[in-house]
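Hi everyone, thanks for coming. Let me put today's structure up on the screen, and then we'll walk through a few spots together.

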Amino acid sequence: MTKARRKSYGVKGAPYAFLLPATILFALFFALPIGYALWLSLHKAQVSGLGLGAGARKEVWAGLENYTDALSDSELLDGALRVVGYGAIVIPVMLGLALLFALMLDTDRVRLTPFTRLAIFLPYAIPGVVAALLWGFLYLPDVSPFYFVLDKLGMPQPDLLDGGPLYIALSNIAVWGGTGFNMIVIYTSLRAIPAEVYEAAKLDGATPLQIALRIKIPMVAPSLVLTFFFSIIATLQVFSEPTTLKPLTNSVSTTWSPLMKVYEDAFGRGDIYSAAAEAALIAVITLVLSFGFLRAANSRNKQEEAR
């Protein structure tokens, strides 16, 4: 092999050499665990006799049995319905506040913009478990300063950790922690809009409200789609908030959300095969909903461009 040919092979192989570390990490920590979970979901444990001694418990092929059991599991279905109600509160409130804050920060009249932007974003930097603990104790009547003030004022003291208000309590934690991130995404898109667009609108007599409604919001629609996409995924995977609040109230069961059901089956009941099937179903549903939403958003954008 000539020197020129060896140099040509070296140049062509350089990109693959740079990709090799990332490919290995992807295979070890992403592809391999997913493949193992899918393999577990197609098996089950078969116990002989009392389940004691060597060979009394063995792994056998189950096919789709774990999936059919998961789809007919009332606890998993109830958890999915609770997450739907939870998401119906979290997503519109969080994205609405994020859009409102971004529009307010993008106006010329706002002072101390860097400090305000940091203050709104700061709750996102707090770990979810810490945030849930913080709000959990604020919800407890015996230690919460809010309940102390309500008691002194003679006002009713609602129990936010029981019944319907529990959804509001959990949603508040998610909104408080996630609004800042979504606000930064939308605000970055607003800052990318050329100033000439605003100047032309002002020359045409548009008010700040009209500029916000007719120019800013339509132009940051891709960012709104992105934040909505992330919010759907985060909502379907809610776990830390109800798990952290569970010791503080009896209203949160060990299977309150689908991921809590997966955790309970895997580590509470020791049935990793059913848990793997449930996790696979959650992943598929998340994928279908996410890509379905993205496809609908893209088709709408194409229709608007065609007009």
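In which helix is the place of Ser 223? Ser 223 belongs to helix 10, which covers residues 221-236. Do keep in mind as we go that this is a predicted model. Ser 223 has a relative accessibility of 9%, so it counts as buried. Setting aside residues up to four places away in sequence, Ser 223 touches Val 185, Ile 186 and Ser 189.

Now let's turn to the aromatic rings. A search of the whole structure gives 13 aromatic pairs. One of them joins Phe 121 and Tyr 124: the ring centres are 5.5 Å apart and the planes meet at 45 degrees, so we call this pair tilted. Both residues sit in helix 4, residues 113-125, three residues apart, or about one turn of the helix. Phe 121 is partly exposed at 27%, and Tyr 124 is partly exposed at 40%.

Tyr 263 and Phe 267 make another tilted pair, with centres 4.9 Å apart and planes at 45 degrees. They lie four residues apart in helix 12, residues 258-268. Here Tyr 263 is partly exposed at 45%, while Phe 267 is exposed at 63%.

Back to Phe 121 and Tyr 124 for a moment: together with Phe 181, Phe 229 and Phe 230, they form one aromatic cluster. And over at Tyr 198, the charged end of Lys 216 sits over the ring, 5.2 Å from its centre.

Last stop, the surface. Leu 20, in helix 1, is partly exposed at 47%.

Key
Residues numbered from 1 in each chain as written. Predicted model: local features only at pLDDT ≥ 70, side-chain atom pairs only at ≥ 80, totals over all residues. Heavy atoms only, no water. Helix = DSSP H or I, 4+ residues; strand = E, 2+ residues; numbered from the N terminus. Buried < 20%, exposed > 50% of the residue type's maximum accessible area, 1.4 Å probe, protein only. Contact = heavy atoms within 4.5 Å. Phe/Tyr/Trp six-rings, centres within 6.5 Å; stacked < 30°, edge-to-face > 60°. Lys NZ or Arg CZ within 6 Å of the ring centre and 35° of its normal.
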